[in-house]
Amino acid sequence: MEFASCYDQSASIFASTMFLNITAFFLIMAAFAVARLVTISGEGSVDRLQTA
């Protein structure tokens, strides 16, 4: 019974660790996407200022 209890706890710890890793991955990817969008929108602003 104790072995089953320990196994169940380790599985939940593994699942929570995987959830945190996946969440961190998506947060990093979202940060890169925002940075890229800011860069793209900045390039358009510079072009508009140069033509004015």
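The model is predicted, so local features need pLDDT of at least 70 and side-chain atom pairs 80 or more, while totals for chains, interfaces and linings use all residues. Residues are numbered from 1 along each chain as its sequence is written, and side-chain values use heavy atoms, without hydrogens and water.

The chain has one helix and zero strands (DSSP runs: H or I of at least four residues, E of at least two). Buried residues (under 20% relative accessible area; exposed is over 50%, partly exposed in between, 1.4 Å probe, protein chains only) make up 0% of the 52 residues. Accessible surface (Shrake-Rupley, 1.4 Å probe) comes to about 4,800 Å², with 74% from carbon and sulfur atoms.

F14, M18, I22, F25, F26, I28, M29 and F32 make a nonpolar patch of about 850 Å². F32 sits in helix α1, residues 2-51.

| Residue | Relative accessible area | Class |
|---|---|---|
| F25 | 45% | partly exposed |
| F26 | 53% | exposed |
| F32 | 57% | exposed |

There's one aromatic pair (ring centres within 6.5 Å; planes under 30 degrees stacked, over 60 edge-to-face, the rest tilted). F25 and F26 have ring centres 5.6 Å apart and planes at 65°, so they pair edge-to-face.

Key. Patches are made of residues with over 30% relative accessible area and no salt bridge: like charges are joined within 9 Å, nonpolar side chains (Val, Leu, Ile, Met, Phe, Trp, Tyr) within 5 Å. A salt bridge is a side-chain nitrogen of Lys or Arg within 4 Å of a carboxyl oxygen of Asp or Glu. Rings of Phe, Tyr and Trp (its six-membered ring) pair if their centres lie within 6.5 Å; planes under 30 degrees apart count as stacked, over 60 as edge-to-face and the rest as tilted.
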